[in-house]
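These entries record what I looked up in a predicted model.

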Amino acid sequence: MITIKDKLITINTDNTTYQMKVSDYGHLLHLYYGVKTAGDMSYTLCYYDRGYAPVPNDLEGDRTYSMDVLPQEYSCFGNSDFRTVPLIVKDENGASGIDLRFESAEVRDGKYSIDKLPSAYANEGDDAKTLIVTLKDVADLVRVKLYYGVLPHVDVITRYACVENISDHTISINKISSLQLDLRWGKYEVLHLRGRYGTERMKERKRLVHGNTVFGSRRGISSHQENPFMMLVDESTSETAGEAYGFSLLYSGNFTNEIEIDPSEQTRLVTGLSDELFEKHLRAGETFDSPEAVMSYTDQGMEQLSYNFHRFVRKNICKGPYKESRRPVLINNWEATYFDFTGDKLVAIAKKAKELGVELFVLDDGWFGKRDNDWCALGDWYVNEEKLGGPLKRVADEIRAMGMKFGLWIEPEMVSEDSDFYRAHPDYAFAIPGRKPVRGRSQLVLDYSRKEVVDAVFDQIARVIDATGIDYLKIDMNRSIHEAYSAEAKDQNRGVILHEYVLGMYDFLDRLNKRYPDMFIEGCCGGGGRFDMGMLSFVPQIWCSDNTDANERLWIQHGTSFGYPMSTIGAHVSAVPNHQTGRITPIRTRGAVAMCGGFGYELDLNLLSDEDREEVKKQIEVYKKDWKIIQQGRYFRLSDPTEEPFAVAWEYAAEDKSSAILTIVYIKSVCNGPVPFIHLRGLDPDADYYLEETDQHISGAALMNAGLPVPPFAKREHDSIMIHLVRQ
Ligand code: GLA
């Protein structure tokens, strides 16, 4: 799978090959990443005089070898490469100039892990391997170890870089990325997931032009505005054909994705920690690890690339008891009550939900301190017994006595100025001395770079969990971070506070997982503002968006599916008119759209009509029966909501093709309109399928090749149909 021969290093996964070579001068050059290909591809390196291109000093007049044009594996500022580089290091005098040359390479069994940072892990049968390539600066300033984790059966290669200061002075790292990829041929487009609060992960595909295209987050969180996942695709690539490279980062803070088309028409991609204001001081002998990046490739279109990522996230990122098992159908009280509830009101909502088949009651914001609005009490993680009419345990026990599980919302990284916690520890919040801190949702951010802050919050929350007995936690984070100035940070850490913050947050999640190994934990960040593989390494599911409108969710969930499996998406049926958009959609459609890995309700079911309540009951039965195919089946985007004028469709198909679920939502009703056709995928072409809801027998080949005319169910806009297909 990994071979090192005559300074040629080759990684093979089941369907891809990745190759690099040490040049005669010791530079690590990148040769190839693409379809599985045998042989030595160093013949593809073209050495010729590029006219005034810089040339390393030891080349004795050879002007055909320039770092500014050669494809490199992990370039650095100072080796005369003027393109975007992944590494910038300064010596003790502030001079940036390192030149990394090959030192050694070794292969180990299994997949590496990274201290304090999340990383993918291997399961039995994954046949994972690790490659470590070590480079050293010619003037002995740093040693850089490049790690490659190979998961051959999902065609994923993971990467990270570790920099060691081998000088006897303190140096600084001013940029460190996780992954560089140089592609010398091909004309690529980038597909990235942009957005805003309530409209996360909108797919956007655009042509790359010369110069740099840069995406990222400087908000302290991976953000609603830009997701760390992206694809590079050929101009002709579609869902089902063509080249696609996918990249993602296991990181939940500031990141930068850069793609440069250089003057020689070559493409360079660099992804990793944002270097804006980044400065890590490294004392002699110290090391610094970048977060992990992952990449995958296929020549079979975007659908196959997403499938690689889906399997990888489900199997090699998510952990814990809810990784593969059915998530309980939940009811959350947020949109039902907001802050306005009593213990009895909660019990009444839970009671109706239980009657209809709901299994878990989640008490959202407002149960602690004096929290009756979003101006106060964050940080005071003790129960508001006055509001609840007694201890939280009493409410939880009453709900559990009905046969339901009990869950709770927390927002551990935040503090309100109007809270006992802030009054006792004002220095625990980020703030620049002499300046009033910017508020976001009327709250401040706690300095999680300090262990004592994490300890203080963790202890409070653990006390509530232990006293009440909690089956589920929703961990929220509702603002971005502005003034990341830590009262405690030593000089060495000033330029990495936001990174230290992310490590502190991961530590909090890790402690929770270790202390409560059976708990079901869902991530959240003002909806989906921290939907990334870093978070998914600790929680198997993330609340996808605060926007619960079934129509809007079509776009949000479609975009999310490019990089993340449906099993990671939390989605709820909420009331109409929808609280975010005012739109009215039928309960049937709200149920069909919310039917992802994490299915639930967020409204007072007492207020529904009897007819709608019957529909809810049916939906819950469907989810309980079909959860496995939804959560673990293969997901197909059958139409693109950004391009489809009438009907949006998607499909979950069992891996063995024995069954599938097709969902169609009619997004626009027109008078005497055309009949859209839906072409299914992932079926057995040689078998017949029975379509339960339309009572038809049609061959798999016909459904995929001729397609299915959208049945005339759409009596009104936003109506929908779920069709179960069973192989005969
Ligand atoms: C955020 C979450 C919501 C809800 C509120 C509570 O906005 O995304 O689901 O929990 O906070 O304040």
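Entry 1. I began with the largest cavity and listed its lining, which comprises 16 residues. Those lying nearest its centre are Leu554, His558, Tyr635, Val648 and Trp650.

Entry 2. I sorted the lining of the largest cavity by residue class and recorded eleven nonpolar, three polar and two charged residues. For the volume of the largest cavity I noted about 100 Å³. I also looked up how many cavities reach 30 Å³ or more, and the count is seven.

Entry 3. I turned next to helix H10 (residues 550–560) and its packing with helix H11 (residues 587–594). The angle between the two is about 20°, and their axes lie 9 Å apart. I recorded the crossing of H10 and H11 as left-handed.

Entry 4. Which residues make the contact between H10 and H11? From H10 I listed Ala550, Arg553, Leu554 and Gln557. From H11 I listed Thr589, Arg590 and Val593. By class, the residues of this contact divide into three nonpolar, two polar and two charged.

Entry 5. I marked Leu554 in both lists: Leu554 belongs to the H10 side of the helix contact, and Leu554 is also among the residues nearest the centre of the largest cavity.

Notes
Residues are numbered from 1 along each chain as its sequence is written. This is a predicted model: local features need pLDDT of at least 70, side-chain atom pairs count only at pLDDT 80 or more; totals for chains, interfaces and linings use all residues. Side-chain values use heavy atoms; hydrogens and water are left out. Axes are lines fitted to C-alpha atoms, for helices over the stretch in contact, and angles run from 0 to 180 degrees between N-to-C directions. Helices (H or I, at least four residues) and strands (E, at least two) are DSSP runs, numbered from the N terminus. A crossing is left-handed if the near helix is turned anticlockwise from the far one by less than a right angle, and right-handed if clockwise. Contact means heavy atoms within 4.5 Å. Ala, Val, Leu, Ile, Met, Phe, Trp, Tyr, Cys and Pro count as nonpolar, Asp, Glu, Lys and Arg as charged, and the others, Gly among them, as polar. On a 1 Å grid over the protein atoms alone, a cavity is a set of points where a 1.4 Å probe fits but cannot get out, and a pocket is an open set with protein on both sides within 12 Å along at least five of seven lines; lining residues have an atom within 4 Å of a point. Grid points are joined across faces, edges and corners, and a volume is the space filled by probe spheres set on the points.
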